[in-house]
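Colleague: Before I use these terms in a report, I would like to know what each one rests on. Can we go through them against the model?

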Amino acid sequence: MPKLTSEQVKQLADNMLHMTNALGDYRYENFDKLTEDENKKIKEIHGQMLNYTTELYTKSALLTMEDIESSLAQIDTISAKTRQLYKSLTGVQNVIDQATGVLKIAAAILSLDTTQISASIKKMIG
Amino acid sequence: MPPLEKKLTLVILCSFAIGCVNLKHVSEFSDSSISALANYETLPTSFAQACRENCRQEHIANFNVYRTECDCSSDEKADSITRLIYTTSMQYFEGLMQISDNTLTYYETSDLSGILGSGNFGPVQLQEEDVKAHSKIATLVLRAFSDGYRRNRIKQYIKEADAPLQVLIHFLRLNLNGNLNGKLEVQKGKAQNLYFDLVNDKSLSTYERTKFAEDYFKRISQIDENQRQLQRFDEVLDEIAKGHQTLYANLDGLDDNEVKGRLARLRYRLDQAASFLSSQK
């Protein structure tokens, strides 16, 4: 037998809630006509039905996992690709920055400017 | 025009023509979607919280203050699944926003040209003017290439993501405005089930019965407020889903005035809804 989907379970929970509310309304409208025992019994059943209904809503929420698994994996893959693309595009700027740093050191060495050499190295590794 | 410049112009034009995705719209829509989605964090209730409140109410109804543990593990799991859908959707929009940011491929080469123009490279002497001119062209070519590549990638990602994203948003809505909202409806029923007898208990004083009625209405208005916020967030999710569909359906015509107008209206509604939700914190 095929399993129920999250949406089917949610639909069942909605229907159950309507029936439960109808039972509650019956008791509230006939409160004075019902005996104390009848009131107590209907109140108990009403309470239990409410508990089952809320459990059904939770069950439906849990079942969504089965419906979304492949979509989650697809979006995860695409997000990973966007991160990779971002990394490679910002990588170009890093390469330019690093090359500029190396060039600065080279220029300082060639001009024999020791202060500049030290400053450039600090900037590169900082 | 010298042959080299002709070639460069051709390369740049080709790169722009490869994928005509207007990145500004993608970036702005992603930005608005992120702000709107982030309101998930401020939702006033959750599955686990609803479970704990129901459990507490049961103990109150049974006059029980001893051994009051509540098993809400299933609801905690439901919250984890719902959060997983939210974070996955959020990560997608964050990635999309990062890669569609227009400043991403504005490569800064002024430092490099400055060094090349003014540095002492022994026998090699470079004219500062020439270096600047070449650097400008190199930057332009670099940007054209990376932009063309980037536009094609973004177009492909939006196409690939639309169907699964629609599924994720659909189930996020089902869980929040469907299932969690249903649990809040049950809470209302439980409150009525408890308070009805107390309010109608003629052995109690009028003051006590009035107080119970007041407590009941206070509780109902709290739940109503939580439901309103879920409803509002549901509208936000609907706008995000529609917005992504509009992006997907018009990837090649994002410069069209009608499409631009539709996207601008969408963003406006998203921003409005997001700021309304933020003001409810």
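Modeller: Contact here means heavy atoms within 4.5 Å. The model is predicted. By that cut-off, and not counting residues up to four places away in sequence, Phe93(B) touches Phe29(B), Ser30(B), Ser33(B), Ile34(B), Leu37(B), Leu165(B), Ile240(B) and His244(B).

Colleague: Which residues have the most contacts inside the largest nonpolar core?

Modeller: Phe93(B) is one of them, along with Leu37(B), Tyr92(B), Ile158(B), Leu176(B), Phe233(B) and Ile240(B), in a core of 53 residues. With 13 residues, α6(B) gives the most.

Colleague: What makes a set of residues a nonpolar core?

Modeller: Its members are buried residues of the types Ala, Val, Leu, Ile, Met, Phe, Trp, Tyr and Cys, joined through side-chain atoms within 4.5 Å. In soluble globular proteins, nonpolar side chains tend to be buried together.

Colleague: Why is Asn39(A) called buried?

Modeller: Buried means under 20% relative accessible area. Asn39(A) has 7%, so it is buried. Asn39(A) lies in helix α2 of chain A and, leaving aside neighbours within four places in sequence, is in contact with Arg27(A), Phe31(A) and Leu34(A).

Colleague: And why is Leu84(B) called partly exposed?

Modeller: The term covers values between the 20% limit for buried and the 50% limit for exposed. The relative accessible area of Leu84(B) is 34%, so it is partly exposed. Leu84(B) lies in helix α4 (residues 73-100) of chain B. Beyond neighbours within four places in sequence, Leu84(B) is in contact with Met65(A) and Leu72(A). Leu84(B) and Leu172(B) are 88 residues apart in sequence, and their C-alpha atoms are 9.5 Å apart in space.

Colleague: Why are α3(B) and α4(B) called roughly antiparallel?

Modeller: Their axes cross at roughly 160 degrees and come within 7 Å, with α3(B) spanning residues 47-61. Angles over 145 degrees count as roughly antiparallel, and therefore α3(B) and α4(B) are described that way. The crossing is right-handed.

Definitions and conventions: Residues numbered from 1 in each chain as written. Chains lettered and ligands numbered in written order. Predicted model: local features only at pLDDT ≥ 70, side-chain atom pairs only at ≥ 80, totals over all residues. Heavy atoms only, no water. Helix = DSSP H or I, 4+ residues; strand = E, 2+ residues; numbered from the N terminus. Buried < 20%, exposed > 50% of the residue type's maximum accessible area, 1.4 Å probe, protein only. Axes fitted to C-alpha atoms, helices over the stretch in contact; angles between N-to-C directions. Parallel < 35°, antiparallel > 145°, perpendicular 65-115°, else oblique. Left-handed = near helix turned anticlockwise from the far one by under 90°.
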